[in-house]
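Hi,

Here is the structure I said I would pass on.

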Amino acid sequence: MTELSPRPYILVGIDGSTSSLIALTWAVNEAQLRNLPLRLAHAVDFESFAMGFNPGASESFFKYLETTGQRFLDEALDRVQTLDPDLEVTLTRKAGRPARVLIDLSKDAFLTVVGSSGLNAFTGLLAGSVAVALTAHGHSPVVVVRAPGVPVTGPVVVGISGAPDSEDAIGWAFEEASMRGAQLTAVLVWGYLPAHFYDAQGPWNDLTGQAREEQQEMLLAERLAGWQEKFPDVAVRRVAAIGNPGHLLLSHAQRAQLVVTGSRGRGDATGLLLGSTCHKLIHQANCPVLVARPLARESTR
């Protein structure tokens with residue numbers, strides 16, 4: 001995908017919660033598939049403790065926070081070594097708000113992986129808010145892992161739109177499907193547009209019924225053509241549908257092992273309103289969600 005130097009890593013947020021350990025398990029499998037090292041990171045959030053509770057807390061308590069954070073990292077390392085003793089792993093413990101710490105570390109990451117919820121501010125990731133912040137501001141693509149027991153034989157699902165990061169989402173989806181030997185379900189949702197679009201784009205609104213359906217199917221085929229040539233081993237199922245993008249992608253995600261989306265959308269004639277769709281997926285999808293954010297370095301695709 002993108003060449004990074006020094007060697008890129010898969011960054012995993014660790015906070016001692018069950019959610020972060022589920023995310024870690026997913027990240028181990030991804031590291032094995034890509035032959036990449038893991039970097040496990042924990043944020044010691046002194047700021048939230050001081051602001052929300054007792055700014056005059058004793059030095060021993062702050063030491064306890066540091067010690068607890070290190071224990072979480074050590075337990076995560078034990079989990080990785082149990083799953084794959086040969087996997088390269090580094091540990092990072094930094095003071096700061098969890099979202100800010102992970103966003104900063106994501107600058108050199110190939111991929112950032114977090115659980116969908118965490119413990120409280122004392123021990124690291126703030127439930128929900130870190131995943132949202134990373135998908136909005138992270139420097140690498142972000143995977144949010146919600147639950148265990150994801151089917152390993154299901155398809156990879158990708159949401160297609162006309163937004164700039166949609167092309168990156170398509171590339172990630174093809175690569176993930178190829179590595180996993182999975183079918184790719186490419187979904188373009190149309191007919192769910194903001195009211196102001198119809199006022200501004202009359203000619204498009206003139207396309208109705210069969211004509212609009214055929215145009216959407218043609219658009220979807222065009223968006224996928226180059227990637228299908230690059231990944232001929234990937235079987236693709238194309239879905240052009242009318243409705244709410246978030247609802248339809250959630251429906252397909254129920255049977256998927258991974259869903260891929262862009263971080264935001266334009267709300268234009270090409271389909272997905274990916275800002276709201278991305279938000280819905282990371283909060284409700286029962287499979288991991290990969291949010292394709294353009295990497296900081298120039299792509300070599």
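Predicted model: local features only at pLDDT ≥ 70, side-chain atom pairs only at ≥ 80, totals over all residues.

Let's start with Leu73, which sits in helix H3 (residues 59-83). Its relative accessibility is 0%, so Leu73 counts as buried, the cut-off for that being under 20%. What does Leu73 touch, once residues up to four places away in sequence are left out? The list is Ile14, Leu40, Ala41, His42, Leu91, Thr92 and Arg93. Take Ile14: 59 residues separate it from Leu73 in sequence, yet the two are 6.7 Å apart in space, C-alpha to C-alpha.

Next, strand E10 (residues 289-292). Val289 and Val291 point one way from E10, Leu290 and Ala292 point the other way, and all of them are buried. E10 pairs with strand E9 (residues 258-262) through four bridges, running parallel, and with strand E5 (residues 142-145) through three bridges, running antiparallel. Leu290 turns up in both pairings: it is the bridge partner of Val260 and also of Val143.

Last one is helix H10 (residues 245-253), where Pro245, Gly246, Leu249, Leu250, His252 and Ala253 are buried. Looking down the axis of H10, those buried residues fall within an arc of 160°, so they line one face of the helix. At the start of H10, a side-chain oxygen of Asn244 comes to within 2.9 Å of the backbone nitrogen of Gly246.

Cheers

Terms used
Residues numbered from 1 in each chain as written. Heavy atoms only, no water. Helix = DSSP H or I, 4+ residues; strand = E, 2+ residues; numbered from the N terminus. Buried < 20%, exposed > 50% of the residue type's maximum accessible area, 1.4 Å probe, protein only. Contact = heavy atoms within 4.5 Å. Pairing = 2+ DSSP bridges. Arc of directions from axis to C-beta. Polar contact = N/O pair within 3.5 Å; in protein donor to acceptor, adjacent residues only side chain to side chain.
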